[in-house]
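Subject: Structure for your files

Hello,

Please find the structure we talked about below. My notes on it follow.

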Amino acid sequence: MANQMEDKKVLSGSPRITKVSFLGRVSAVIRQHFQQAFSSFSELWKTPFATLMTIFVLGLALSLPSAFHVLYKNAERVTGQWDGASEISLFLKKDISEPRVQVLINKLALYNDIDSVTYISRHQALEEFKEMSSFSKALNYLDENPLPAVLVVVPTKEAMNSAGSKLLVAKLEREQGIDLVRVDVDWIEKLQAILSLLVDIVIAIAVLLLISVLLIVSNTIRLNILSQRDEIEVLKLVGATNSFIQRPYLYVGAWYGLLGGVIAWLLTFAMVTWLQSGVMSLMGLYQLQFEISLMSFNEVMTLFGVATGLGFVASYVSVKQYLVKIEPK
Amino acid sequence: MILFEEVSKIYAGNHGALKQVDFHLKQGEMAFLTGHSGSGKSTLLKLISLMERPTTGRIVLNGNDISNIKGNDIPYLRRHIGMIFQDHRLLMNRSVLENVGLPLLIEGYSRYEIKRRSLAALEKVGLMGKEDCAPIHLSGGEQQRVGIARAIINQPPLLLADEPTGNLDPKLSLEILSLFESLNEFGMSVLIATHDLGLIAKMRYRTLTLKDGEMINDGLMRERNG
């Protein structure tokens, strides 16, 4: 009753608008942001089927780039292991004597970037060749052993990368008594070229999918705006600014993006987990230990951030295009 | 409060809705705006509430020339005008309380203050106890009163009503007009557009009469009739 009396007192005086103080307005804007953020979230679930459909479409569109990213990251890890030479074959000159070979082996053992050196004499090389090929009888007819002695050098882990192995090869080529240094990295370079091409393709697909996310959210917000045209007109009539009216739509767009990002993360997790057993079986065949690495915390946060940002930008585009044009009639 | 100086409004197709209209509504004054359909009543109200801009002439509201006001300033100006419509323009997906409190929500009042003042406004229009109802469940007269409560909640100096009794029976119409009278007694300027001459004749207020966009009369209906 006292409050009602107070209202009457204000009305009975000179008609004026009760102004809200500056601090009051600042706290009101913050409060309105929170209220509109949460109310727009609950607004989404007034049409749960449509919302879920939109979110799943967004999740699918975002999951492909994120899954490609995880696969590429793992492929890079694999090729990183094969980046340089795991073995370097040094074909020795035919006229090199055994004592000089021993001197060379001892010298190579002192290299910081060499882990081990294995000597295969001309005789051992011929015997191995006989075992591995079907020319063993034909080889008996040769006057002399055509194969050179070989030193198989295994670089240290630090020197196994591309740059390290190139440096080691250059040093080995300067050694006396070595006829040919052979490193078989061509196939790795080809694999890396294929991966690089795949990355370009994935980036192109990712850009197209992200554009589709923008279009999906933008269109959803456009439909929301058009279906709430009457409400927007009323809000404008009672003095709502465009910022006040557009805020819930921007939050809805951001929520769509964030929820789509969460779906994308779950789908990526499911896809990678599903692939894990297959990859492990494959690696087992090569007697390799490899475990697929999933998305890191930072990557997940980046995915959520990008998804939310895309949703926000898409709804901003729609709001700027449609909402500002609605005027009360 | 409102000053119209040679105001004209010409719509697309060279249709002149208002022609050289002059009038002055003082602060705290209540007046009727009448005329047949298409005479320009709604256009005149739309010009005051900035839903339309004048083609020529000058409109001054509360000392401010609003003829060429910037678009960004319009919402702030509308907060100084209470508007009541024949079709009520309520948000059907919100409760009566939420509808009434909308102008305060926009201005950034706290929830407590919004509720307190909304309930006070609802009591003023005789709708206490209906605050949680959806407008769709109210009668036409009650919906109109919700619209009035929303229009007066932030105590605007000016109240514009466009055919506020258009869909109401005579008894309810008189009740609504009595409500406007009581608001006017508190110092609010009130301009009511209506074509219900019988209703106007029952009340002794200034009447502005429009015909084909021209102001043809400005005076008391009773005096004119008598």
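In chain A, residues 24 or more positions apart account for 84% of the contacts with a separation of 6 or more, a contact being heavy atoms within 4.5 Å. For chain B the corresponding share is 67%.

This is a predicted model, in which local features need pLDDT of at least 70 and side-chain atom pairs count only at pLDDT 80 or more, while totals for chains, interfaces and linings use all residues. Residues are numbered from 1 along each chain as its sequence is written, chains are lettered from A and ligands numbered from 1 in the order in which they are written, and side-chain values use heavy atoms, with hydrogens and water left out.

On confidence, the model scores ipTM 0.88 and pTM 0.72. Chain B has an average pLDDT of 88, and 97% of its residues score at least 70; pLDDT is the predictor's confidence in each residue, from 0 to 100.

Chain A
The secondary structure here amounts to 11 helices and 4 strands (DSSP runs numbered from the N terminus: helices are H or I with at least four residues, strands are E with at least two). Of the 329 residues in chain A, 39% are buried, where buried means under 20% relative accessible area, exposed over 50%, and partly exposed in between, using a 1.4 Å probe and protein chains only. Chain A has an accessible surface of about 19,400 Å², 65% of which belongs to carbon and sulfur atoms (Shrake-Rupley method, 1.4 Å probe; for residues, only the protein chains shown count as cover).

Chain B
Chain B has 8 helices and 10 strands, and 58% of its 226 residues are buried. Its C-alpha trace spans about 45 × 45 × 35 Å along the principal axes. The accessible surface of chain B is about 9,500 Å², with 48% belonging to carbon and sulfur atoms. Chain B carries 27 positive and 26 negative charges, and their mean positions are 2 Å apart; Lys and Arg count as positive, Asp and Glu as negative, and His and the chain ends are not counted.

One residue in chain B
Ser95(B) sits in the loop between β6 (81-84) and α3 (96-107) of chain B. Its relative accessibility is 16%, so Ser95(B) counts as buried. Leaving aside residues up to four places away in sequence, Ser95(B) touches Glu131(B), Asp132(B), Cys133(B) and Pro135(B). Gly16(B) is 79 residues from Ser95(B) along the chain, and their C-alpha atoms are separated by 40 Å.

Regards

How values were computed. Charge placed at Lys NZ, Arg CZ, Asp CG, Glu CD.
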